[in-house]
Amino acid sequence: MRTLRHEATVPLTAAGRRFDQSLAEMFPDYSRSRLTAWVKEGKVLLDGAPVAPRHLLRGGETVVLEAELAPEVDAQPEDIALNIVHEDDDLMVVDKPVGLVVHPGAGNPAGTMLNALLHHAPSLAELPRAGIVHRLDKDTAGLMVVAKSIAAQTALVGMLSRHDVHRQYEAVVLGTMVAGGTVDEAIGRHQHDRLKQGVRDVEMGGKEAVTHYRVRERFRAHSVIQCNLETGRTHQIRVHMAHIGHPLVGDQLYGNGLRLPRGASQELIDALRGFRRQALHAEKLAFEHPITGEYLEFNSPRPADQEELIEALRADTVLNPIED
């Protein structure tokens, strides 16, 4: 357990403002919710005395913050291999494989990426969710950024909410798409199935969700598309593509079952029947380093199973050309 101690002077420009509001500006490494909790616990003193978060400042006071970073995560470290493509003092970028759950939950109490992160860097136990700031579904492969410091985590959460992190995906979908476009439809919990998300009006609990997509390759009954996210809602690409009539190949939750093109080769039939996950890959991640400001860009190679699926679709198209 690590002890923090910071001392600062309230700027004169903060006169008349609430204590918790100014604290968030004076100590930007910590989230406002964390600072407010420390104030309520008496771990942040103003001129040597505890005050309420809403206390109005006059400017010029001395602030002393002294708190212990208690463990935020009670999961156990596990020696699970991680493909770390970048790491520094403040963050790491991990290329997550298919089948690895990101965070412990119902049905997956252990064996997750979070458990692996705690083994790799035990200090992550001091950070909420062990530094995880966004997620990928269990059966989606690809790139994720993980914070290693409080400052980086606070900054990355803000960057994600402002859409300052570029996330690019490749998906294989049902149907021959003729052009790209944008799906701007709010997403929320499905009305009847708690395991699913769905397109829902904001008035009904939906949250803004925007997916841009363009066609990379077209086949007789399938397409390979590139998706770029403005927002990061749960199952966003899967929900949006199903909504416009092009669910992802292999998507057991949002798809409509196996569909085989007429006259499909045995190779293609085997490839489609054998692909039992959503055909989605987080292939690119780009952002400015939250501490140094350096521009970082990472690319993940296409997973072998998705490569084999696309090769089978290409081979089928050679035998059965698309009629435009």
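## Asp 47

Asp 47 sits in the loop that joins β2 (44-46) to β3 (49-50); helices (H or I, at least four residues) and strands (E, at least two) are DSSP runs numbered from the N terminus. The model is predicted, with local features needing pLDDT of at least 70 and side-chain atom pairs counting only at pLDDT 80 or more, while totals for chains, interfaces and linings use all residues. Residues are numbered from 1 along each chain as its sequence is written, and side-chain values use heavy atoms, with hydrogens and water left out.

Although Asp 47 is not a glycine, its phi is positive, at about 50°. Most residues other than glycine have a negative phi. Asp 47 counts as partly exposed because its relative accessibility is 41% (buried is under 20% relative accessible area, exposed over 50%, partly exposed in between; 1.4 Å probe, protein chains only).

## His 235

His 235 also has a positive phi, about 60°, and is not a glycine. Its place is the loop between β13 (222-229) and α5. With 15% relative accessibility, His 235 counts as buried.

## Asp 137

An unreviewed UniProt entry lists Asp 137 as "active site"; UniProt positions are in the numbering used here, feature names are shortened, and annotations may be inferred rather than shown by experiment. Asp 137 belongs to the loop between α3 (113-120) and β7 (141-147).

Apart from neighbours within four places in sequence, Asp 137 is in contact with Lys 96, His 235, Arg 238 and Gln 278 (contact: heavy atoms within 4.5 Å).

## Largest pocket

The largest pocket has a volume of about 1,500 Å³. Of its 46 lining residues, Arg 135, Leu 136, Asp 137, Thr 234 and His 235 are the closest to the centre. The elements giving two or more residues to this lining are α4 (150-161), β8 (166-174), β10 (187-189) and α5 (236-243). A pocket is an open set of points on a 1 Å grid over the protein atoms alone, where a 1.4 Å probe fits, with protein on both sides within 12 Å along at least five of seven lines; lining residues have an atom within 4 Å of a point. Points are joined across faces, edges and corners, and volume is the space filled by probe spheres set on them.

The largest pocket lies between domain 2 (83-162) and domain 3 (166-319), because both give residues to its lining; the domain bounds come from an automatic or database assignment. The lining comprises 16 nonpolar, 17 polar and 13 charged residues (nonpolar: Ala, Val, Leu, Ile, Met, Phe, Trp, Tyr, Cys and Pro; charged: Asp, Glu, Lys and Arg; polar: the others, Gly among them).
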